[in-house]
Amino acid sequence: MEHWAGDDDYDRETPDVLLMRRMLGYVTRHRRKSLTLFAVLLVSTVVSLLPPYMISLAIDEYITKLDTEGLLLIGGAFVVVYILIFVTQYANRYLIEWLGSRLEYDLRMDMFRHLQQLGLGFYAKQEVGNVVSRATNDVEKITELVSTGIASVIADLFTLLGIILIMLYMNWWLSLITFSIIPVMFLFLFLWGKRVRKVYRETRKTIASVSAKMEESVSGMKEIQSFSRESQTREEFQQVNRNNMDANVQAGQVMSAFWPAVNVFTAVGNFLVLWFGGAAVMRGELSVGILFGFMNYVNRFFTPVQDLSMFWNQVQSALAAA
Amino acid sequence: MMGYILPYWELKAIMALIVVTTVLSVLTPAIVGDIVDMVESIASGGEVGVGGGVEDLAYIVLLPVSRWLAGAAAMGLDYGMLLVFSFSLIVIAALDGVLTYAERYISTVVSQKASFDMRNAMYNSLLDQSFSFYDQQRTGQLMARATGDVNMLERFFDMGFRQAVNTVLLLAMVFYSMVILNWELTLVSMIVVPFLFAATLAYSRMVSPMWREVREQFGVITSVLQENLTGVRVVRGFSREDYEEHKFSVECLKYFDINIVMVKIRSFFMPLATLISSVGLVAVLWYGGNQVISGAMSIGSVVAFYLYLTRLMGPVRMLGFITSMFVRSNAAAERVFEIVDAEVDVHDKEGASELKAVEGRVTFEDAWFSYDGKNMVLKDINLDVQPGQTVAILGATGSGKSSIINLIPRFYDVTRGSIKVDGVDIRDVTIKSLRKHIGIVRQDPFIFSTTLRENISYGVEDAALDKIKEAAAQAKIDEFIEGLPDGYNTKVGERGVTLSGGQKQRVAIARALLKNPRILILDDSTSSVDTQTEYEIQQALDELLENRTTFIITQRLSSIKKADYIIVLEDGAIAEKGTHDELMGRGGIYHKLYQTQVEAVTGGDL
């Protein structure tokens, strides 16, 4: 934070690893809660992975074998699992959000203390509006990154690992066929993420200018009105405001591509399962329950990958803020 | 609030796209269900059969394509169908993707346009507000509204609105598709919907009052920080860092506490929504499973049901999110429109005329003024200042000195009585034309973060550089400016930090000189500059005062003595009025003030 100067500094590239480590340092301040969260995350991931497998079981072992009593039994098991999911998710969310709010507080106070120690030369170069925007809006952004970010990354990694293991266990060759889509997906996410980072920086720059302009106008309102400069200032503000709109529309262009692309990838995954798996069912080499379980896991498989890349995208935006 | 997005034609396009994409997304589960049925029946030695689903339309396309493919690629109809049906999922997703992309993009454009309009409206309102508005508002609060709250609304316009329409439509479509498959199972799976709604409603009711609180506290944090940064020199000067830190930390902690209460509610309700929808899934599995066992339903239909329900779960959970977003947006909208719709208490009268060239006679007639309508700050002021005269205004802090000078350019309007310029009531002319004739130099003038040249030519459009230099020379700031590396093109740091108080004042004097007004207002009440600067400012002022009607609040004896007459204010009323000599002779308040002043300057040996 020592080095931030003008607007141009938004383009500064600090090694991501360094910034990440710095932000993780804030989390370790609350070690006990963080560790509890970690444990809760583990349990919650495991239990939430159970239902699809149980459905496969229900189809293959009870429904197709016409066992009504067994069906009732597994129905009861479902209820128990779902209650477990509820409890762990509650604990999970509470801890995550608590840590997030606490981090926001810590970060804001540290920033404030630091601002109190900076030399007056800093204030000669910085616009107050800019600094305020960083200390308020940007701190909120970083917090979002940690609360919904880091925790869900851990959960997503567990989920991903769990799904891969279950799928391999259910049917290894169908798994390998399905996994073939992953490299393509990651390539897309990588290229897309690079674009996102660029447009995000631009929007942060433009909104800071809007804040700065408005702040200056409010502070200098007496001068503006005394000299009847309302219409000129209005034009100046509209220009800054328009730049902000344009930058955001551009960002929207990039962002809008994400979900449609992910949905197509998911559809390709489903196609692979249904085509290869369906043919195997017709040949009698695979059960319908496994086929359906596979589809369920494939659909779930892409959710953490989506989340991970969303997180990646949040990291981009937060790194621009740090 | 919706008024801001309704006018856009794009809204209709978004609606149309949502309808199409929703229809597309309902196709997929049925197709998957049919694939399952088909492979299941072939595995158990049955025939290739097609279940009669809702999606007859899709089958009219898919079946012939399968037959053609089976013939062309010399494979069995079963494999041909499997390939075509599975592949159609990709085609649907691609089509859906293109349309969704368009939908999202257009939606971004609309929401951005809306927030652009809102910020402009807000800014325009700020420009129109009189000083009484700024007396009540803190800059930080205003800023939080212009950024945080407008962003909130932007997100609502973009996501919330689209999602709300999408969810309602999806609910209807899915319900229809499910009823066609099996109405009994539909009823069973729908048991949970009322509970889900109830939970969502309870959630939004609990959270809604808290959101405003959270945003408000966020605004408080912003303004505390803002004030701290703006007054950084004062804070340092008085070594108040610890106090400031404590103040900031108290507000931050308050924000944290409010957030935690919200967190508890949120953490409970979100998983609860999942739990309720999961019960629906279990019901489908159990009841549907029994139906399959009794032969009333195919496995594929149960699978399709299951997929429909999972498809609903996201949007239904979104429903809770949207409700809370709607609540938050409402709070944000309230705060934004409070500014946009703020009443302007000083404005042009209807049919106000332009104030043409003036001589500069200023008359106060029985003028009363109050900020709040109750406590009178100025009482029955009567003054008649002839063109070119200088009036010095004296009085203790709070005696109404600043109020008098703020009334002349109509930064406030008089509560009773009137003020006239050349015999014309200033409320009968346009504010702009009135202020054109008035120049104001404040003791702590605001210097914009732009070049010195633009700062000096602030009141005059397209001023020539020689004129600017001339004004700077008269204000005795030319040498300083020319000594800077970029001269007149030097950019001033924010709030003029790189200029000293005396330099800022001289820039403001140059500003006023360039504008060349007939009436001049000088607020110079507490100058604390060294003798050299004092001398230089005095010289600049002499230049400025010449031939203008001048109101001056000052402690400079030289300025006071030169005034044509002096008024002394006490509790908002004129206590003494006259020339220096007259007032000295009277031996009243002025006499006393003068004595203390002289003693302060000379150390008592006069």
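This is a predicted model: local features need pLDDT of at least 70, side-chain atom pairs count only at pLDDT 80 or more; totals for chains, interfaces and linings use all residues.
Guide: Residues are numbered from 1 along each chain as its sequence is written, while chains are lettered from A and ligands numbered from 1 in the order in which they are written.

Visitor: What makes up chain A, in helices and strands?

Guide: Chain A has 11 helices and 0 strands. Helices (H or I, at least four residues) and strands (E, at least two) are DSSP runs, numbered from the N terminus. Along the sequence, the pattern of chain A reads α-α-α-α-α-α-α-α-α-α-α.

Visitor: How much of chain A is buried?

Guide: Of the 322 residues in chain A, 49% are buried. A residue is buried if 20 or more other C-beta atoms lie within 10 Å of its own, exposed if 12 or fewer, and partly exposed in between; C-beta atoms are placed from the backbone.

Visitor: Why is L66(A) called partly exposed?

Guide: L66(A) has 14 C-beta neighbours inside 10 Å, so it counts as partly exposed. L66(A) sits in the loop between helix 2 (31-63) and helix 3 (68-117) of chain A.

Visitor: What is the phi of L66(A)?

Guide: It is near 55°, a positive value in a residue other than glycine. Most residues other than glycine have a negative phi. D380(B) also has a positive phi, near 50°. D380(B) belongs to strand 2 (residues 376-385) of chain B. With 15 C-beta neighbours inside 10 Å, D380(B) counts as partly exposed.

Visitor: How many residues does each chain bring to the contact between them?

Guide: Chain B brings 96 residues and chain A brings 94 residues. Two residues are in contact if their C-beta atoms, placed from the backbone, lie within 7 Å. On the side of chain B that touches chain A, helix 9 of chain B gives the most, with 28 residues. By class, that side has 54 nonpolar, 24 polar and 18 charged residues. Ala, Val, Leu, Ile, Met, Phe, Trp, Tyr, Cys and Pro count as nonpolar, Asp, Glu, Lys and Arg as charged, and the others, Gly among them, as polar.

Visitor: Why is helix 10 of chain A called roughly parallel to helix 1 of chain B?

Guide: Helix 10 (residues 258-282) of chain A and helix 1 of chain B pack at an angle of about 25°, and their axes are 7 Å apart. Axes are lines fitted to C-alpha atoms, for helices over the stretch in contact, and angles run from 0 to 180 degrees between N-to-C directions. Angles under 35 degrees count as roughly parallel, over 145 as roughly antiparallel, 65 to 115 as roughly perpendicular and the rest as oblique. So helix 10 of chain A is roughly parallel to helix 1 of chain B.

Visitor: Which residues make that contact?

Guide: Helix 10 of chain A uses L274(A), G278(A), V281(A) and M282(A), and helix 1 of chain B uses I35(B), V39(B), E40(B), I42(B) and A43(B). They divide into 7 nonpolar, 1 polar and 1 charged.

Visitor: What does helix 6 of chain A do with helix 10 of chain A?

Guide: The axes of helix 6 (residues 172-179) and helix 10 of chain A come within 9 Å and cross at roughly 145°. L174(A), I177(A) and T178(A) in helix 6 of chain A meet G269(A), L272(A), V273(A), F276(A) and G277(A) in helix 10 of chain A. This contact has 5 nonpolar, 3 polar and no charged residues.

Visitor: What makes strand 3 of chain B largely enclosed?

Guide: In strand 3 (residues 390-395) of chain B, 5 of the 6 residues are buried, so the rest of the structure largely encloses it.

Visitor: Which strands does strand 3 of chain B pair with?

Guide: Two strands pair if DSSP finds at least two bridges between them. Strand 3 and strand 8 (residues 549-554) of chain B have 4 bridges, in the parallel sense. V391(B) stands opposite F551(B) there. Strand 3 and strand 9 (residues 565-570) of chain B are joined by 5 bridges and run parallel. Here I393(B) stands opposite I567(B), and G395(B) has L569(B) as its bridge partner.

Visitor: Why are strand 6 and strand 10 of chain B called edge strands?

Guide: The open sheet has 6 strands in the order 6-7-8-3-9-10 (chain B), with mixed pairing. Strand 6 (438-441) and strand 10 (573-578) of chain B each pair on one side only. From one strand to the next, the twist averages 20°.
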